[in-house]
Structure formats: C-alpha cells, structure tokens
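Please open the structure in your viewer and keep the selection tool at hand.

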Amino acid sequence: MASPQDVAPVLDKDGVRLTVDDALATVTLTNPAKRNAQSPALWRALAEAGRLLPGSVRVVVLRGEGKSFSAGLDRQMFTPEGIEGEPTFIDLARRDDAGLDAVIAGYQEAFTWWRRSDLVSVAAVQGHAVGAGFQLALACDLRIVADDVQFAMRETSLGLVPDLTGTHPLVGLVGYARALEICATGRFVQAGEAVASGLANLAVPTEELDGAVQDLVTALLAAPRDAVVETKALLRGAADRTYEEQRAAERAAQARRLRDLAGIGD
C-alpha cells in the first residue's frame, strides 16, 4: 500500500488530514508545532473524517505528526477570551443543562465512530497523549505505542472530568480501581505499564512505530472482512452478555458465516 504522504487527501483542514488507500484509511493530526493540541474545530474535522470514509475501508490508522500524538486541549480554551468563534468555558457554564449537554455531545462525535463494527481502528501513539489526546487514543480499538509514550488523564487536576468518551474504554481495559487512580492522580502511564495493563497492544522503539503499525494493518487486512466484523461484534458485546447469552451469540454468528460461505441465504 502507498504511504499516506503519497495519496491525495480526502480531507485536510483544521489540523486533520484523511487519506484513503483502498481498504486502509489514515487520519493524521497535522499540527506538530502545538503538539497536536485539540480544539472544537479539530473535533468537527475528525467527525467529518468519519463521515467521509468510503465503504471500501476496513482499517483506520490514527496518528499524530511530530514528537507528540496529542498533548490534549488547546490551552487557549482555558483563557478568558477562548478560541475565536468558539464558546469559552464561561459561555458553556452559563448554558442550561440541555444546551451544555448538546454541545458536549457534539464534541464527542469526533471520538465515537472509531469503534464502528465495520472497521478496526488502530492508534499509533508516540510521545504525549494527554487528556483529550489520551481519550482519542482510547477511542480506537487497538493501540501500538512508541517506547517514549506518556498517557495521562489530566482533566481532574483542572477541576474537570474526562468527557470525551474515554472513561468507558479505560475502565474496560484496566479495571475500575486502576482507572480511578489514573484519572484522580493525573499521573503519566508509560510504555511498559501501558502494555502490562492492557492500554497498549504493543510497545516498540520510536523508529519502529510505523513498521509495527504496518505489520498489524497487513495482518488485519489478511482476514476476510465479514469474519472480522462478526468477531468484533461478538467481543464488543461479550461484557454485557451472560455466559449462556454469549454462547448463543457465537452460534448465531457462526451460522451466518457458514451460510454465507456456502452461498446459502438466511
């Protein structure tokens, strides 16, 4: 497959670039001078990238240019004047519950589509992945990290809570007690702990990150698409099913696969 740099972008705005090469899409955060800091405009661009994916895409890789994946919220959002054209934190605080809920739900759209059942998403994470950056990495199905990675959930130390969909996958990956400790302290989680705790699938030297991601993408694309889709759905729903319900879900999924392979409709 071609390098993302060699493919004309489908989208390139507000710090987000989307390229598509047949079954592989690459979403790149493109503001390394600000360590890929996040803003509402970037979130809108990420949500748009999800909507623009053609049906041929099976795997989406998320990466950040420069030394950091994403250092979190653009600090200008914390200033009284905020970011031009966007509501300040004070503006948001003055809205009623329904209005504030609607704004945050809009922001969250940038973080939700990565777990679509028809896709497998892979975050390639180097350097800082802090706050919103951590939550964006958590939005993906899989994470390959460089050995210099530093995950941190810093919202609590700012008097806020993580609200960009990161709490559910974090608890699912590391458990309630570890998730609480990570969020409440805001401490950094580095590569070794990330792999040991389940936050990352693999840690490699920084110079090997691209190669490790490419190896994973190749392996993911080698499996038949429908089998991967069905398997992902089985695994995603397992936590909410009883053992017997999961057995039944496995049987139903396998019946669909066998009929499909045999060319027999339902």
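Begin by selecting Arg-75 and Phe-78: Arg-75 lies over the face of the Phe-78 ring, 5.4 Å from the ring centre. A charge is said to sit over a ring if NZ of Lys or CZ of Arg is within 6 Å of the ring centre and within 35 degrees of the ring normal. This is a predicted model, in which local features need pLDDT of at least 70 and side-chain atom pairs count only at pLDDT 80 or more, while totals for chains, interfaces and linings use all residues. Residues are numbered from 1 along each chain as its sequence is written, and side-chain values use heavy atoms, with hydrogens and water left out.

Rings of Phe, Tyr and Trp (its six-membered ring) pair if their centres lie within 6.5 Å; planes under 30 degrees apart count as stacked, over 60 as edge-to-face and the rest as tilted. Phe-78 lies in the loop between β4 (59-64) and α2 (89-93), whereas Phe-89, eleven residues away, lies in helix α2. Helices (H or I, at least four residues) and strands (E, at least two) are DSSP runs, numbered from the N terminus.

Next, select Trp-113 and Trp-114, a stacked pair with 3.9 Å from centre to centre and 20° between the planes. Are these two residues, Trp-113 and Trp-114, buried or exposed? Both Trp-113 and Trp-114 are buried; buried means under 20% relative accessible area, exposed over 50%, and partly exposed in between (1.4 Å probe, protein chains only). Then select Trp-43, Tyr-107 and Phe-111, which form one aromatic cluster.

Now move to the salt bridges, of which there are 14. A salt bridge is a side-chain nitrogen of Lys or Arg within 4 Å of a carboxyl oxygen of Asp or Glu.

Select Asp-74 and Lys-34, whose side chains meet in a salt bridge (2.8 Å, N to O). Asp-74 lies in the loop between β4 and α2 and Lys-34 in the loop between β3 (24-29) and α1 (40-52), so the pair ties together parts 40 residues apart in sequence. Asp-74 counts as buried at 11% relative accessibility, while Lys-34, at 40%, counts as partly exposed.

Finally, select Arg-178, Glu-181, Arg-187 and Glu-193, which are linked in a network of salt bridges.
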